[in-house]
2 protein chains.
Amino acid sequence: MAKTKDYKHFCAAARSLEVIGEKWSLLIVRDLLRGPQRFSDLLRYLNSITPKWLTARLRDLEEAGIVKRDAQEGRREVWYELTEAGRDLEPVVESLVVWGIKHAMRPPLPGERVHSDIILQGLVVALNRRLLAWPDNPVTWVFRFGSDEAHTLRFDGQLWSAHPGADDGADVVIESDPERLANILTAPSDERGGLPEGLTLKGDTQKATEFGAVFLAG
Amino acid sequence: MAKTKDYKHFCAAARSLEVIGEKWSLLIVRDLLRGPQRFSDLLRYLNSITPKWLTARLRDLEEAGIVKRDAQEGRREVWYELTEAGRDLEPVVESLVVWGIKHAMRPPLPGERVHSDIILQGLVVALNRRLLAWPDNPVTWVFRFGSDEAHTLRFDGQLWSAHPGADDGADVVIESDPERLANILTAPSDERGGLPEGLTLKGDTQKATEFGAVFLAG
DNA sequence: CTGAATCCGACACGATACTG
DNA sequence: CAGTATCGTGTCGGATTCAG
């Protein structure tokens, strides 16, 4: 791999980029940070990658000790997961998310795939880096997308975290669809104000108001 | 720019990579983080880049609002410096340095250019992230490379920082050359022990011992 | 259906030389 | 000093095909 990715520098940043600077590599890591995934899961999340390049990148990452391939006998799928070196890349992905939120986000374009997991991952980073206002007290928000997909966002008083599935003790339940939520989150603040179409809030009135103050305020 | 760097994801990390994911971009930012540089400075630091691609990347970064080009009338040189968005990339570069130090460093290869500034930048990151032992008290180390190049590394009790030039109040003066220092820092710990050839320590005996404990211990 | 491999074309990039 | 110009190679996208 990486015949052209050769910087000839004695520099840790250059070395890192030689290893994970190819196209798609860091986005594969981003998806595997949520947990082990199958080849076809990655194919779906990465959206516009071709199977050929997903295969190539996974081989590279495996060789670099970042990804572990788990192909068990008598099972159709192959699972991929991060090694410790792979999990150590989380700060890199997170710093890219922080910069992207501040300097490069825009509403989703027509052909752009919007995954709810990715939105929630960005939300957690934005909240923990205090790029959005914080509620005063611990709170649990459940996001429902259609009938079969739900995520829980929880603030324990110190940090925010996201969890797959709907938590029972939700203070507020938000129902929407990923595209709509993406558009709301990237709307310029002067276009905000009040409850947008395609998003409904249920639950404790005061907690719902608090949610609105964080996300829907002008 | 970036016709092929198009991920079609609604994702902040993917957006960031669309902007600064091309080859060389982040290394140009790395060098500009030290301060404004001329075209030829960058050409020298980036070592194996060609003028054509340095021009292309600088134009891209300028268009992306990361770099500002400063060409004044009646002056031969053109200076490049980071905008605020560019300086906001420091955490990205730093996270790459941290990962690289832990997972990808090795002694410099034959054709590899070793810049003292880059070594010192890596040292500051490694010390501040506590990847190396810390002295108990504030200390100032001056590194001399040959007769005309010197850097000061200072610990104020809280954080480490690097400064160009030799500080007067040095507790310890280290004399070496960049290649030698690079080899020492990347040597496996079982090959360390005592003072290596090609490196001399001067100054307060106890402070020199302390330096040795951080860098030269087995 | 999953996890690939193959062929082809576009363009990103490297190497070298040259210019204002 | 700060770039252009030219030419060759490598990386990647797109489509199709293939084995378990």
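Q: How many residue pairs are in polar contact across the interface of chain B and chain A?
A: In this predicted model, the rule finds 25 residue pairs in polar contact across the interface of chain B and chain A, counting pairs in which both residues have pLDDT 80 or more. On the side of chain B that touches chain A, the elements that give two or more residues are α1 (12-20), α2, α3 (39-46), α5 (84-87), α6 (90-103), α7 (116-128) and α8 (178-186) of chain B. Of these, α6(B) gives the most, with 11 residues, and by class this side of chain B has 32 nonpolar, 11 polar and 13 charged residues.

Q: Why is the pair B:K102 and A:D88 called a salt bridge?
A: The closest N and O atoms of B:K102 and A:D88 are 3.0 Å apart, and a Lys side-chain nitrogen must lie within 4 Å of an Asp carboxyl oxygen, so the pair meets the cut-off and is called a salt bridge. The rule finds four salt bridges across the interface of chain B and chain A.

Q: What area is buried between chain B and chain A, and what share of it do carbon and sulfur atoms give?
A: About 4600 Å² is buried between the two chains, and carbon and sulfur atoms give 67% of that area, while the contact takes 56 residues from chain B and 56 residues from chain A.

Q: Why is B:D31 called buried rather than exposed?
A: The relative accessible area of B:D31 is 0%, and buried means under 20%, so the term applies to B:D31. This residue is found in helix α2 (residues 25-32) of chain B, and, leaving aside residues up to four places away in sequence, B:D31 touches B:Q37, B:L42, B:Y45, B:L46 and B:I118.

Q: What makes the pair B:D31 and B:R30 a polar contact?
A: The two side chains are 3.1 Å apart at this contact, and the cut-off is 3.5 Å for a pair of N or O atoms, with residues adjacent in sequence counting only if both atoms are side-chain atoms, so this side-chain pair qualifies.

Q: Which element gives the largest share of the surface near DNA strand C?
A: The largest share, four residues, comes from α4(A), and the residues of this surface divide into six nonpolar, five polar and 10 charged.

Notes: Residues numbered from 1 in each chain as written. Chains lettered and ligands numbered in written order. Predicted model: local features only at pLDDT ≥ 70, side-chain atom pairs only at ≥ 80, totals over all residues. Heavy atoms only, no water. Nonpolar A, V, L, I, M, F, W, Y, C, P; charged D, E, K, R; others polar. Buried < 20%, exposed > 50% of the residue type's maximum accessible area, 1.4 Å probe, protein only. Polar contact = N/O pair within 3.5 Å; in protein donor to acceptor, adjacent residues only side chain to side chain. Contact = heavy atoms within 4.5 Å. Buried area = accessible area lost by both parts, 1.4 Å probe.
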